[in-house]
Amino acid sequence: LHDALPISDLERQELIGWASAAAYESGDFATTAKLTETLPELRPYDLALLACCYGELNRHADAMQLAARLGASTAETHDAATLAARLIECLNLFALGRKHEAGAVHAALRGDEAYAASPLFGFVLRFTELVIDFPNCTADVLASVKRFQLSGLKKSAAYSQLAGAMHFAYAGQIEPARQLVAAARQGLQPYVRDQQIILNNTAVVDLLSNKPDLAQCIEQLSSALFTVGDDFSRLTLHNNRLICFALAGDLVRAKHTVDVIDRILAAPGFGNRDIFVTVGFNVWRFYTQNGQPEKAARYKSLALAVGLDNGCYSSYWKVRFGLASAAEPKFDFLLGLDYHPDYLSHWLIDLEGLDALKAKRGQ
């Protein structure tokens, strides 16, 4: 890739494109960004790719600036570039904790029939889970599976299956959830990246079952930690490991896990704080059940400081924290559990989707 290599500008551009795509597929967003930034001209595909990388690297302002450039790069109102730009905007607003603004962008895309024929519309359907709570998002997430399959985006369909499985599991439909996870695992088996989503969500479905195999869940979650590079995923995995250790009565490893959770909470590399409620509840529950109310109180305060009315599952969490006596019936299954396992999802436009911008302009 050095200028001294005896290759033409076109060959150099193609080589950078190949290398950046390979890095993006493996989840190496820093390398993808570094390579893409060397291009003398950023075409719509390059703008979208770089914006997605910036979002994953917590450079959200830069990501939204590039999204604006991407949207302005076309004179068409409803083409793939415009839709990709708005999706990137939605994702980064959500990552910054600006959920209501993300919801407004998503609602505009979801309600615009002119976008419905785009191969990228499957991402609109999957990202419904960002802004609309379970189970009201479930139909869209499952519909995204079919939409991706019809568009030939097999990997994208598998990521939606992983998400859909979690919404089934949260409703107590364990066997359909397991079937979706198994289908997704088969579809993603040849690929390196996002193994943590498969491993985590497999463990979560088991934790939500009547007789979870705690040793197997711990092994899966521990393996997932070797494949993860972001704080949000890391916090989710440790949240679920804490549940496993607590249910197994392994207080030493449970308390060590709380120490790791504390370090992440002290300086999280993400903006959205909904997960603080989940983690705060589980640690509060753990210390309460083990006779340490003073330690427990700190984590309840942490969760309530987020503002239960501003996040997911408001009525559910109010019951969980003893602030209300009843929640909607849709939460009956989850309310019967000692703890609350959390899932991971693929909130990113993957390479298959970004390729739609290439095809549009023959790039």
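**Charges.** I started with the charges of this predicted model. The chain carries 34 positive and 40 negative charges. I compared their mean positions and found them 4 Å apart.

**Overall build.** Next I looked up the secondary structure. The chain has 20 helices and zero strands. I then checked the radius of gyration. A compact globule of 363 residues would have a value near 21 Å, and the chain agrees because it has 21 Å. Along the principal axes, the C-alpha atoms fill a box of roughly 70 × 45 × 35 Å.

**Surface and contacts.** I asked how much of the chain is buried. The share is 51% of the 363 residues.

**T202.** I moved to helix α12, residues 195-207, where T202 sits. Is T202 buried or exposed? Its relative accessible area is 17%, and the cut-off for buried is under 20%, so T202 counts as buried. I followed its side chain to the backbone oxygen of I198, at 2.6 Å. I then set aside neighbours within four places in sequence. T202 is in contact with V181, R185 and Q220.

**K34.** I went to helix α2, residues 29-36, for K34. K34 has 63% relative accessibility and the cut-off for exposed is over 50%, so it counts as exposed. I also took the separation of K34 and F127, which lie 93 residues apart along the chain. Their C-alpha atoms are 27 Å apart.

I kept one rule in mind here. Most residues other than glycine have a negative phi, and most peptide bonds are trans. Which residues does a cis peptide bond join? I found it between F134 and P135, with omega about -5 degrees. P135 is in the loop between α8 (128-131) and α9 (138-150).

I then looked up positive phi values. N58 is not a glycine, yet its phi is about 65 degrees. N58 lies in the loop between α3 (44-56) and α4 (60-72). At 41% relative accessibility, N58 counts as partly exposed.

Y313 also has a positive phi, near 55 degrees, and is a residue other than glycine. I placed Y313 in the loop between α17 (293-306) and α18 (314-320). Its relative accessible area is 9%, so I noted Y313 as buried.

Note on methods:
Residues are numbered from 1 along each chain as its sequence is written. This is a predicted model: local features need pLDDT of at least 70, side-chain atom pairs count only at pLDDT 80 or more; totals for chains, interfaces and linings use all residues. Side-chain values use heavy atoms; hydrogens and water are left out. Helices (H or I, at least four residues) and strands (E, at least two) are DSSP runs, numbered from the N terminus. The radius of gyration is taken over C-alpha atoms; the globule rule is 2.2 Å times the number of residues to the power 0.38. Buried means under 20% relative accessible area, exposed over 50%, partly exposed in between (1.4 Å probe, protein chains only). Lys and Arg count as positive and Asp and Glu as negative; His and the chain ends are not counted. The place of a charge is taken as NZ of Lys, CZ of Arg, CG of Asp or CD of Glu. A polar contact is a pair of N or O atoms within 3.5 Å; within protein, one must be able to donate a hydrogen and the other to accept it, and residues adjacent in sequence count only if both atoms are side-chain atoms. Contact means heavy atoms within 4.5 Å.
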